[in-house]
2 protein chains.
Amino acid sequence: MGKVYAGVDLGGTTAKLGLFKEDASLIRKWEIPTRKEDGGKHVTPDIADSIKKHMEEAGIAMEDLAGAGIGVPGPIRPDGYVEVIVNIGMRDWNPVKELSELLGGIPVKGGNDANVAALGEMWQGGGKGYRDVVAVTLGTGVGGGVILDGRIVAGSKGMGGEIGHMVMDWNWPEPEACNCGNYGCLEQIASATGIARIARRFMKESDKPSVLREKENVTAKDVFDAAKAGDELAEEVADYCMLYLARALAYISQVIDPEIFVIGGGVSKAGQYLLDLIRKHYDPLIVLTKEKAKLALATLGNDAGIYGAAKMVMDSLE
Amino acid sequence: MGKVYAGVDLGGTTAKLGLFKEDASLIRKWEIPTRKEDGGKHVTPDIADSIKKHMEEAGIAMEDLAGAGIGVPGPIRPDGYVEVIVNIGMRDWNPVKELSELLGGIPVKGGNDANVAALGEMWQGGGKGYRDVVAVTLGTGVGGGVILDGRIVAGSKGMGGEIGHMVMDWNWPEPEACNCGNYGCLEQIASATGIARIARRFMKESDKPSVLREKENVTAKDVFDAAKAGDELAEEVADYCMLYLARALAYISQVIDPEIFVIGGGVSKAGQYLLDLIRKHYDPLIVLTKEKAKLALATLGNDAGIYGAAKMVMDSLE
């Protein structure tokens, strides 16, 4: 069998787990519930027990497990210490140290889930073959992960890749603040909920007919479906939202100049249409180089985290 | 004597050179003219000859020269290849390879001058003691250099740290474009020339009395001097320009979250007053962490480049 690596993507509801060979092939993947009771004290033992059980089922000896990586939904320090994970209710915890002890002292590495997923997309997903990758997740919120020279840029205070909270509209016309407390964040414009919000605003501000007006609760998917079908108002909404995203990507390029942006999350199901819109607005902003950053869709979906977690520990053992 | 390292900061008019010991102490520094004739073909031989001459004068044997670094005023590839350096008129040139050959095959490393200066400030300047540093130069233009984990982030197309061309005012009200061709770049607002431009705009748009109106050609220094003395219009100009700079720094933090911003260039002579203005506008934008990035003034001035160049080659030999 050779060496085996475990990748764990800890979420508020479930933890996703995977066992990988060194050549990146996935041996098996599964999920377990995240038990939040008792301040989350069962979480790490549950993960360790589950890894042991699946190793046994797969007929792999424990001594072949060379390391484990874990992505957690919050900031984590380089030594693995977590001050607080809000949506699990965990405080003052070191999952890296604990998981290592529970797995017989093997090397364990921890990272923020968005960053770890970005590493997964670089390794085996939309960013495969590149070393300088920025992953952008357009889901309920807007998340990001920065990979430079193949390594996660976590940032000095764990804020690396927090691109959803770049204020992109300094004259935000709505009373509602972003979850972070600021107004006009990228997340309020280019997330799935943001796109739906902009659609509602555009519908209110114009009399233009649109199929979107027939929806009770318009979604980002409705917007892109209608835009692709030629609905003018929907086209305007999609164009507007991707203009702001493209501006944020241009800023990122002017700071770290990645090779490729990998776009994931629910909104990315709009596919090439989405990439084309981003491209249209991004390229004119990059005037200092003829060659522009590549744009690609994420390909690993919900598995990006387990891939990245396994890769993270592999890299640490090189 | 121990090992000695040469640092070269190549500019369009002069090349600055320095010899350093491993402990960062500067043995000597000097300048030579940059001979642009014949497509710049004398530049590298002049540098090599000058290094040899000064080594001899300082009584250092050539075999003690362990490496040389060179910062060039333009994009340079990781292998040292330079497509074009506009302000020297050089094309299709590899200063790294050439300098190495001329110095008897010692290791030579090349980098973009702004990035190399940033490394210098991290090593022995305003960013000393930190590993994740963004240097911002507010001079005729706005330059930047990104250092993560002690290493220069040059970017996949050499555009890393090109923060002067982040478009910060999307509704730029003036007809004049930035040198880059876009409108509303940070450079048009927060450089020395940008601050003077904003001062002219503010004077035209209001009737407020100001000592700035007595100046024939108002400068950024005039603006900060008057602002410090309590001139209301000058205060408004300084505040406005630093608001836009702070927004750009917030974007940078949301991408890579550096420990410290080191502010240099002529405008930085405004000192603590400048840092306080930036701080005032920066902190409210960073809501995800209680701890905010540090702000400091650059301390090496025109020597940052030679320090950074020497450090660059030292690091490559570790």
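Colleague: In this predicted model, does A:Glu236 count as buried, partly exposed or exposed, and what is its relative accessibility?

Modeller: A:Glu236 lies in helix α8 (residues 232–256) of chain A. Partly exposed residues fall between the cut-offs of under 20% for buried and over 50% for exposed. A:Glu236 therefore counts as partly exposed, with a relative accessibility of 30%.

Colleague: Which residue forms a salt bridge with A:Glu236?

Modeller: The closest N and O atoms of the pair are 2.4 Å apart. The partner sits in the loop between α6 and α7 (220–228) of chain A, 28 residues from A:Glu236, so that the pair links distant parts of the chain.

Colleague: Is A:Arg197 buried or exposed, and what is its relative accessible area?

Modeller: A:Arg197, in helix α6 (residues 192–205) of chain A, is paired with A:Glu174, in the loop between β10 (151–152) and α5 (187–190). The closest N and O atoms of this salt bridge are 3.6 Å apart, and A:Glu174 counts as buried at 18% relative accessibility. Because the cut-off for buried is under 20%, A:Arg197 is likewise buried, with a relative accessible area of 11%.

Colleague: Which residues are linked with A:Glu174 and A:Arg197 in a network of salt bridges?

Modeller: A:Glu174 and A:Arg197 form a salt bridge with each other. The network also takes in A:Glu176 and A:Arg201.

Colleague: What separates A:Asp315 and A:Lys311 in helix α10 of chain A?

Modeller: The two residues form a salt bridge, with the closest N and O atoms 2.9 Å apart. A:Asp315 is buried at 8% relative accessible area, and A:Lys311 is buried at 13%. Because they are four residues apart in helix α10 (residues 304–316), the separation is about one helical turn.

Colleague: Which element gives the most to the side of chain B that touches chain A?

Modeller: Across this interface there are 24 residue pairs in polar contact and two salt bridges, including B:Lys157 with A:Asp257 at 3.3 Å, N to O. The elements giving two or more residues to the chain B side are β9 (142–148) and α8 (232–256) of chain B. With seven residues, the element that gives the most is α8(B).

Notes:
Residues numbered from 1 in each chain as written. Chains lettered and ligands numbered in written order. Predicted model: local features only at pLDDT ≥ 70, side-chain atom pairs only at ≥ 80, totals over all residues. Heavy atoms only, no water. Salt bridge = Lys/Arg side-chain N within 4 Å of Asp/Glu carboxyl O. Polar contact = N/O pair within 3.5 Å; in protein donor to acceptor, adjacent residues only side chain to side chain. Buried < 20%, exposed > 50% of the residue type's maximum accessible area, 1.4 Å probe, protein only.
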